[in-house]
Amino acid sequence: MGAITYHVHCRILGSVIALLLHSGNSLAMFLAMRGDILKDPDIANLQATQFKYMTIWNVAFQMIYSVINLVCDIPLVLKVKEESSSMVYYLKYLRKYRKIFFGAVIFPTGVAVFIVFWPFYLYNRELIFPAFIDKALSHTSNQIMHTAILPITLWELLFLPRTKPSSHVLYLGHMAAIYISYLIVLFANYAERRTWPYPIFSQIYGTIYFPLIILALGVLYILLYLIQWPLTSLIYNTNSCAKTKKIR
């Protein structure tokens, strides 16, 4: 019971912090891109295309997951008698889906955004996060969207006991849906505006490097998905379901 309580409280803490960071930063970004600053064409375009960035998608995923976490875990802390509640059925399957959502979406997407963004940013930020963005978004906003996402993800990895699934079909289906949906958004944005959210795509579009980098990102996405399972086994020192049945 002690292990259950410890993991649940840690997950709640992580979810509350993630929600506070992302909701506060989202509000700050919303307020920053209003008024006279939109007279700058670069900022106006940024404001109009902000939902075309995978960074924003990842933030949304982490916020949704944090809400799911709280819905799943708060009843455990409050010792709600689920067996006598009409919510037992929904909580049971929501807790199962939480693990799928984390494994298929939160971990690979969050880690991918972090490890793709920072090397490009440090090499030449104009390829991925041009300097004009600093007119609207603070350094703190950048750190929350591109750095804080990693410890948020790793925290959950540590405190959400799981085992490697017997089938990866459902997980890979989620990933394929996200990957394909994002490509559709990218190409639709280009068809509408003749620009890409990330400047690097403008530089390589029309060359062999464009399909290669799209393919490389897909391969990286899958590799990150696969990496989580040995990490999970290492953390919990098991490949069987026996141990995780004791800890929610």
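This is a predicted model: local features need pLDDT of at least 70, side-chain atom pairs count only at pLDDT 80 or more; totals for chains, interfaces and linings use all residues.
## Basis

Residues count from 1 along each chain as its sequence is written. Local features need pLDDT of at least 70, side-chain atom pairs count only at pLDDT 80 or more, totals for chains, interfaces and linings use all residues, and side-chain values use heavy atoms, without hydrogens or water.

## Aromatic pairs

The structure holds 27 aromatic pairs (ring centres of Phe, Tyr or the six-membered ring of Trp within 6.5 Å; planes under 30 degrees apart are stacked, over 60 edge-to-face, the rest tilted). Tyr53 and Tyr198 are edge-to-face, because their planes stand at 85° with centres 5.1 Å apart. Tyr53 sits in the loop between α2 (41-48) and α3 (54-77), and Tyr198 in the loop between α7 (169-193) and α8 (199-204), so the pair ties together parts 145 residues apart in sequence.

Tyr53 is buried at 13% relative accessible area (buried is under 20%, exposed over 50%, partly exposed in between; 1.4 Å probe, protein chains only). Tyr198 is buried too, at 12%.

## Nonpolar core

The largest nonpolar core has 56 residues (buried Ala, Val, Leu, Ile, Met, Phe, Trp, Tyr and Cys joined through side-chain atoms within 4.5 Å). Helix α4 (88-124) gives the largest share, 13 residues. Tyr198 and Phe201 are among the residues with the most contacts inside this core.

## Surface

Leu231 lies in helix α9 (209-236). Leu231 is partly exposed, with 33% relative accessible area.

Terms used: Helices (H or I, at least four residues) and strands (E, at least two) are DSSP runs, numbered from the N terminus.
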